[in-house]
Amino acid sequence: MDCYNEMFEGDRVRDPYARLRDWVDTMPADFRQMKQAEAEDLFRRIGITFAVYGENADPDRLIPFDMMPRVFEPAEWRKLERGIKQRARALNAFLRDVYGRGEILRAGRIPARLVYRNDAYEKAVVGVVPPRGVYSHIIGIDLVRTAQDEFFVLEDNCRTPSGVSYMLENREIMMRMFPQLFRHNRIEPVDQYPDLLRRTLESVAPPKCNDRPTCVILTPGHFNSAYYEHSFLANLMGVELVEGADLFVDGEFVFMRTTQGPKRVDVIYRRIDDLFLDPLCFRPDSMLGVPGLMDVYRSGGVSICSAPGAGVADDKAIYTFVPEMIRFYLGEEPLLQNVQTWTLWKDDDYRHVMANLPDLVVKEVHGSGGYGMLVGPKASKQEIEDFRKKIEANPGNYIAQPTLSLSTCPTFVEEGIAPRHVDLRPFCLCGDRIELVPGGLTRVALREGSLVVNSSQGGGVKDTWVLSE
């Protein structure tokens with residue numbers, strides 16, 4: 001399968017990478033190994049780890065970092081930025097609609113059962129309109145590239161997308177280790193993200209907030225796989241990192257316990273799932289949430305970002321209808337296309353997928369992190385047959401997509417540099433305006449030939465450059 005190489009066209013170096021060619025060619029192998037070890041030491045000292053659940057060993061591990069940056073030209077980024085913002089507007093319009101009148105469902109554009117019977121659809125917030133009508137405040141759009149001008153959306157992440165700390169730390173470490181690269185290349189900064197995030201959260205303060213909003217980040221605690229990111233963002237934003245036990249409800253408001261006494265909280269950037277937010281509304285056994293939180297939220301006493309129920313917009317079965325959302329709500333054609341997707345609750349799609357399993361990628365509708373999926377071309381016959389039985393037992397739980405020829409970026413390996421498959425997750429902020437920093441998290445499949453970029457499945461990360469005009 002021929003793949004688009006983002007650095008080379010035959011023997012010619014593409015323009016965005018022209019200034020990196022000499023840097024790569026003149027770097028001695030021992031110097032590269034020394035710098036790689038320095039990067040790993042920095043990650044370890046800073047404490048940038050992630051957890052892989054289900055392993056017997058220590059779950060905290062370093063994420064592999066590749067020193068070869070991924071580079072976009074200004075025109076390429078402008079195209080992506082327009083498409084991402086368009087998609088964010090449509091996703092929030094969809095959420096406002098399905099928790100209100102459901103016009104897109106009445107019009108027959110999306111089957112109502114896919115929404116109302118969806119586990120992520122929260123009946124507890126039907127009719128509740130959050131400030132500025134924004135439900136999903138931080139949206140991570142996963143993109144793949146297949147050609148010079150071809151980008152596709154692989155999936156949307158509307159609940160609590162993670163990875164932005166890697167975007168920021170990748171840049172910090174590259175600037176520390178190779179300052180000359182940033183002197184010789186005009187690269188758009190990303191370090192304004194924490195300020196933009198705080199401004200976004202403050203812009204959606206609840207109606208009952210009469211002063212500068214007090215924002216907090218609600219974390220499940222240090223055992224969570226993304227805890228480093230929670231504490232990292234809280235520090236950079238200058239807000240408190242809290243757990244459920246640090247908050248309590250009194251009357252119409254939420255308060256935070258402090259050494260100076262209770263302090264009212266206006267905006268909660270939650271990094272826990274809906275089910276654990278409030279034991280009086282969702283799971284009664286939750287020790288992570290705040291009893292009574294949802295009553296305060298519904299009465300306009302606190303904002304929760306992203307809003308409870310936002311997850312119905314990023315369900316993989318709903319994903320197939322995002323282009324239709326753009327046409328229905330915005331009256332526009334999609335600027336970024338979906339990957340062709342077969343939904344197995346449709347009889348024709350089911351028959352096609354079952355006849356072509358060895359050639360397709362099949363995913364659980366609610367799966368994430370690279371788990372619960374089959375990559376047909378890389379799977380054994382036994383793995384395919386085992387997965388076939390899972391599909392037969394519950395076809396509606398799966399979607400299938402073609403095995404895309406993902407673009408490759410040059411990546412440092414033992415022998416020098418070699419192409420490895422990549423994707424991109426930009427982070428879009430939605431409040432009183434829609435913004436995103438020029439860049440994102442590039443994930444790289446470090447195993448030769450692998451298409452799975454998830455860190456939990458052996459993937460690594462790169463710094464992502466957007467060149468200035």
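Visitor: What makes the meeting of the R145 and E6 side chains a salt bridge?

Guide: In this predicted model, the N to O distance between the side chains of R145 and E6 is 3.9 Å. The cut-off is within 4 Å, so the pair counts as a salt bridge. The pair links distant parts of the chain: R145 lies in strand β6 and E6 in the segment before β1, 139 residues apart. Both R145 and E6 are buried.

Visitor: Why is E435 called buried?

Guide: Buried means under 20% relative accessible area, and E435 has 16%, so E435 counts as buried.

Visitor: And why is R199 called partly exposed?

Guide: R199 has 24% relative accessibility, which falls between the 20% and 50% cut-offs, so R199 counts as partly exposed. E435 and R199 form a salt bridge, with their closest N and O atoms 3.1 Å apart.

Visitor: How do you know that the buried residues of α1 line one face of the helix?

Guide: The buried residues of α1 are L20, W23 and V24. Seen down the axis of α1, they fall within an arc of 95°, so they line one face. An α-helix has 3.6 residues a turn, so residues three or four places apart point the same way. The buried residues of α1 pack against several elements, including β5 and α7.

Visitor: What makes β8 and β13 a pair of strands?

Guide: Pairing needs at least two bridges, and β8 and β13 have 4, so they pair, in the parallel sense. Within this pair, I217 stands opposite Y269 in β13.

How values were computed: Residues are numbered from 1 along each chain as its sequence is written. This is a predicted model: local features need pLDDT of at least 70, side-chain atom pairs count only at pLDDT 80 or more; totals for chains, interfaces and linings use all residues. Side-chain values use heavy atoms; hydrogens and water are left out. Buried means under 20% relative accessible area, exposed over 50%, partly exposed in between (1.4 Å probe, protein chains only). The arc is that of the directions from the helix axis to the C-beta atoms. Contact means heavy atoms within 4.5 Å.
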